[in-house]
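Hi,

Here is the model I said I'd pass on. Have a look at it first, and my notes follow below.

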Amino acid sequence: MINTMQTSLGFRDVHAYPSTHLRLTLEGVRVPVSYRKTWNDGFGARGWKLDIASTDPVIIASTRETGGRIPTSVLIHDLLDHFLSGFDISGHRAEAMALIQLGKRTGSDIRRDYLQMVREDLHYGRVNHESLASFLPPALIANARMDGHIDGRELIQALQSEMGVEALEERLVQHFMHLGERGEAHAQDSLRLLGLKPSRCREIGLALQRVLAEVDQRVENEGIERLNATFIISNEQCALEIINAAGSGLRKRYSSGVG
Amino acid sequence: MSNFDMELDARGLNCPLPILRAKKSINSMSAGQVLRIVATDPGSVKDFEAFCKQTGNELLETTQDDGEYQFNIRKS
């Protein structure tokens, strides 16, 4: 039985995903993705999105490019650490939990990512999918002297005045870490429900990245405008099946063994 | 005297992260202010052109020097 936190903010029940966005087959978990040379989404970037996230206004398309410190692209992070782990694709609470999964499978120091969200988002009073007041721990809010209703920016400024900027940053990073760790059991349950071994996530992530890198390079080289495809994920092999490959110069399927 | 109001160091970041971080920075700025972005990803040139076209922000200047790209964007 899946963890009871599944109905809380940021959590998703992987068995409740619509079949248009996830299907379990004998071959593995099938997840549809879409490619656009330019997404008309307010970012305009080239790349891929999970179909479940294609209308999410805060999700930007991802290419094959990896982070400087981690061997994984944003798309594979969204797929493996968010979607298959049973977390929303966007939102700071979901990101806190997904980053724990990323850190485990890549060995990266996620405190830097948490600190970046603190400085770029929370510092301005911004939290996706909920208010800053609901995101912060009640014990922390109690530190702020507030007269009546104040917005997120004013709340942060009040906390900075009480605690100092550095102490508040450290407290918020700790909060991200705490939130992230609360998702650990749910992620493991979600992956197992999909037939995936949590202990294989590192290798699954690398296989997914290899497949994406090959296809994305070809798509970019050929100047393809748009494409639909499906990731197929199992403990043994990962593949990307191109749905409308005809006339594109692409093969129907690209795959890579899992370690 | 600088001709920008905020600078974003996106060196070392690959697509789509420079755009994502630029959008966050612009959200915190006032209309008319200029954001300078310094990036190293060659793909950022096309990305910032498309970004400005879609958002209505004005791409004032793009320069390249020694593997670094600088973009000046005025918030609409």
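His129(A) sits in the loop between α3 (111-120) and α4 (132-135) of chain A; helices here are DSSP runs of H or I with at least four residues, strands are runs of E with at least two, and both are numbered from the N terminus. Most residues other than glycine have a negative phi, and most peptide bonds are trans. His129(A) counts as partly exposed because 16 other C-beta atoms lie within 10 Å. For the cut-offs: 20 or more other C-beta atoms within 10 Å of a residue's own makes it buried, 12 or fewer makes it exposed, and anything in between is partly exposed, with C-beta atoms placed from the backbone.

Some housekeeping before the rest. This is a predicted model, in which local features need pLDDT of at least 70 and side-chain atom pairs count only at pLDDT 80 or more, while totals for chains, interfaces and linings use all residues. Residues are numbered from 1 along each chain as its sequence is written, and chains are lettered from A and ligands numbered from 1 in the order in which they are written.

Asp66(B) has a positive phi of about 55° although it is not a glycine, and it lies in the loop between β3 (58-65) and β4 (68-74) of chain B. Asp66(B) is exposed, since 4 other C-beta atoms are within 10 Å. Then there's a cis peptide bond between Cys15(B) and Pro16(B), with omega about 5°. Pro16(B) is in the loop between β1 (6-10) and α1 (17-27) of chain B.

Now chain A as a whole. It has 9 helices and 6 strands, and its C-alpha trace spans about 65 × 40 × 30 Å along the principal axes. The radius of gyration, taken over C-alpha atoms, is compared with a globule rule of 2.2 Å times the number of residues to the power 0.38. For 259 residues a compact globule would come out near 18 Å, and chain A has 19 Å, which agrees. Buried residues make up 42% of the 259. Of the contacts in chain A with a separation of 6 or more, 60% are between residues 24 or more positions apart; a contact means C-beta atoms, placed from the backbone, within 7 Å.

The contact between them takes 16 residues from domain 1 and 12 residues from domain 2. On the domain 1 side, α9(A) gives the most, with 3 residues. By class, that side has 9 nonpolar, 3 polar and 4 charged residues. Here Ala, Val, Leu, Ile, Met, Phe, Trp, Tyr, Cys and Pro count as nonpolar, Asp, Glu, Lys and Arg as charged, and the others, Gly among them, as polar.

What holds the middle of the largest nonpolar core? Of its 87 residues, Leu79(A), Ile204(A), Leu208(A), Phe231(A) and Cys238(A) touch the most other members. A nonpolar core is a set of buried Ala, Val, Leu, Ile, Met, Phe, Trp, Tyr and Cys residues joined through C-beta atoms within 7 Å. Helix α9 (residues 201-222) of chain A gives the most to this core, with 8 residues. The core draws at least three residues from each of domain 1 and domain 2 of chain A. Leaving aside neighbours within four places in sequence, Ile204(A) is in contact with Leu80(A), Leu196(A), Ile233(A), Cys238(A) and Val258(A).

Strand β3 (residues 47-50) of chain A is covered on both faces: Gly47(A) and Lys49(A) on one side, and Trp48(A) and Leu50(A) on the other, are all buried. Strand β2 (residues 28-36) of chain A runs antiparallel to β3(A), and 4 bridges join them; strands pair if DSSP finds at least two bridges between them. Val33(A) stands opposite Leu50(A) in β3(A).

Back to chain B, which reads β-α-β-α-β-β along the sequence. Its C-alpha atoms fill a box of roughly 30 × 30 × 15 Å along the principal axes. With 76 residues, a compact globule would have a radius of gyration near 11 Å, and chain B has 11 Å, which agrees. Of the 76 residues, 36% count as buried.

Last, the interface: the contact takes 18 residues from chain A and 16 residues from chain B. The chain A side divides into 6 nonpolar, 9 polar and 3 charged residues.

Cheers

Methods:
Contact = placed C-beta atoms within 7 Å. Domains from an automatic or database assignment.
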